[in-house]
Amino acid sequence: MPVSADRDRPHRRVAFLVVAAAVFVSNLDLFIVNVALPAMQQHFHGSSLATLSWVLNGYAIVFAALLVAAGRLADRIGHRRVFLAGLAVFTLASALCALAPAVGWLDAARVVQAAGAAALMPTSLALLLDATPPAERPGAIRAWASIGGIAAGLGPVLGGLLVEADWRWVFIANVPVGAAAIAVGARVLPRLRGKEDGPLPDLFGAGLLTAAIAALAVALVKGDDWGWDSARVLGGLLAAVLLTGWFLRRSARHPAPIVELPLLRVPSFAAANTAALLFTVAFAGMLLTSVLWCQQAWGYSALRTGLAIAPGPLLVPPVALGSAVLVRRLGAGRLAALGTLLFAAGIGWWVATIGVRPGYATELLPGMLLTGLGVGLTLPTLIGSAAAALPPTRFATGSAVTTMARQIGAVVGVALTVSLIGTPHGPQAALDAFRRGWTAVIVAALLASAASLVLAVAQRRAAAR
């Protein structure tokens, strides 16, 4: 039974803290691992950026592929059980990451960590709602949604502080938080029973999606090394297409598919998710290039890099909260298009102004502020539009699909960035390489802007019916 509102309000607060801690560390991982990447490259001598990119991409691929399946499994066997199991896996894998003696070990542990995150993320909100009376649920949802923004704002600085000690601390820090959340969560989280009937989620389909995204990422990351017209790159791209086709065909026939294809026939939902995917390609490229430029080109420490990046993410939560008024005035699609254009303008500022000599206040900072403003206007608007396009009965599945689309965008963004930057030798070569990467980020942002305008048209047509 849900926790009684009259009997146990402190109980509910503790349950929220457990959920918040788990969601915070899983969101934090994206930002602190980015900041730690150059330190990992120095530690694992001879490891290229292409090799280490799998520390990011392995996590994102598995998280994207298992997210919906984990949510469906939790609905079937119980949210509390899957949440605690996911948190335990995430915590154990964090310890394995910290102990990694080689890059292969680290990549494998990150895959396990992603599986745990995929189990705890979709169940966290469900548990929070289970423990909250209906009248208080809107506030609980807003509080839950704000955790990601807080993690984004604090992530670069916390990552910099931890890396100053040792890059392994970005993973060690998860262990006591996860262990405490498991111990307390086992006592305070609601014990609602899951639905024992119904088909199991399509785990084979999740495997197909994983293989398809991985094949695409390998082809993009290795394109420069192997040659874009080489058999291996073309084979990887072909494999990605064929596996995606197989996945879609299976999703159309399976009783519990990873992606419910009828959802993609809802114009507003499809446009919002396309825009979110494209925008996350740009966002992932921006985040990785800014970290690498600060540390490798300008010689910043990890802590100084975190402080340099922080102004952009710190803008996101207040801008996101204040954007509700603009959504009502401009419409979601047009506001998202505006946000993507501001984001592209921030990257364009870097292309036009950044040089090999550090000039933070006049070069990096203005672009970081523009990108933070763009993210704050764009991502919450697109996520909200995707959810609003569906009936309440499909909200959970639809939000999982949106998160999955964003994770796929992150994989593509990292892979493209790594391929375009390559391994430049000398300051001018590095500047030319990063300008190529930033140009690709601008293109992705402009494509997201176009998709946002398609969303605006779809929303107008839906409102006219």
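Are Trp167 and Phe171 buried or exposed? Select them: both Trp167 and Phe171 are buried. Buried means under 20% relative accessible area, exposed over 50%, and partly exposed in between, with a 1.4 Å probe and protein chains only.

**Before you go on**

This is a predicted model, where local features need pLDDT of at least 70, side-chain atom pairs count only at pLDDT 80 or more, and totals for chains, interfaces and linings use all residues. Residues are numbered from 1 along each chain as its sequence is written, and side-chain values use heavy atoms, leaving out hydrogens and water.

**Stop 1: aromatic rings**

Rings of Phe, Tyr and Trp (its six-membered ring) pair if their centres lie within 6.5 Å; planes under 30 degrees apart count as stacked, over 60 as edge-to-face, and the rest as tilted. The count comes to eleven aromatic pairs. Stay on Trp167 and Phe171: their ring centres are 6.3 Å apart and their planes are at 85 degrees, so the pair is edge-to-face.

Now select Phe434 and Trp438. Their ring centres are 5.8 Å apart with planes at 55 degrees, so this pair is tilted. Both Phe434 and Trp438 are buried. They sit four residues apart in helix α16 (residues 427-464), which means about one helical turn separates them. Helices (H or I, at least four residues) are DSSP runs, numbered from the N terminus.

**Stop 2: helix α7**

Select residues 174-188. What should the 15 residues of α7 span? At 1.5 Å a residue, the answer is 21 Å, and the end C-alpha atoms are 21 Å apart, which agrees. The expected span is 1.5 Å times one less than the number of residues.

Colour Asn174, Gly178, Ala181, Gly185 and Val188 in α7: they are buried. They cover an arc of only 110 degrees around the axis, so they lie on the same side of α7. That arc is taken from the directions from the helix axis to the C-beta atoms. Turn to the face away from the buried side: there you find exposed Pro176 and Arg187.

**Stop 3: a salt bridge**

Select Asp202 and Arg250. They form a salt bridge (a side-chain nitrogen of Lys or Arg within 4 Å of a carboxyl oxygen of Asp or Glu), with the closest N and O atoms 2.8 Å apart. The pair links distant parts of the chain: Asp202 is in the loop between α7 and α8 (203-226), and Arg250 is in helix α9 (residues 231-253), 48 residues apart. Asp202 counts as buried at 1% relative accessibility. Arg250, at 27%, counts as partly exposed.

Technical notes. Helices (H or I, at least four residues) and strands (E, at least two) are DSSP runs, numbered from the N terminus.
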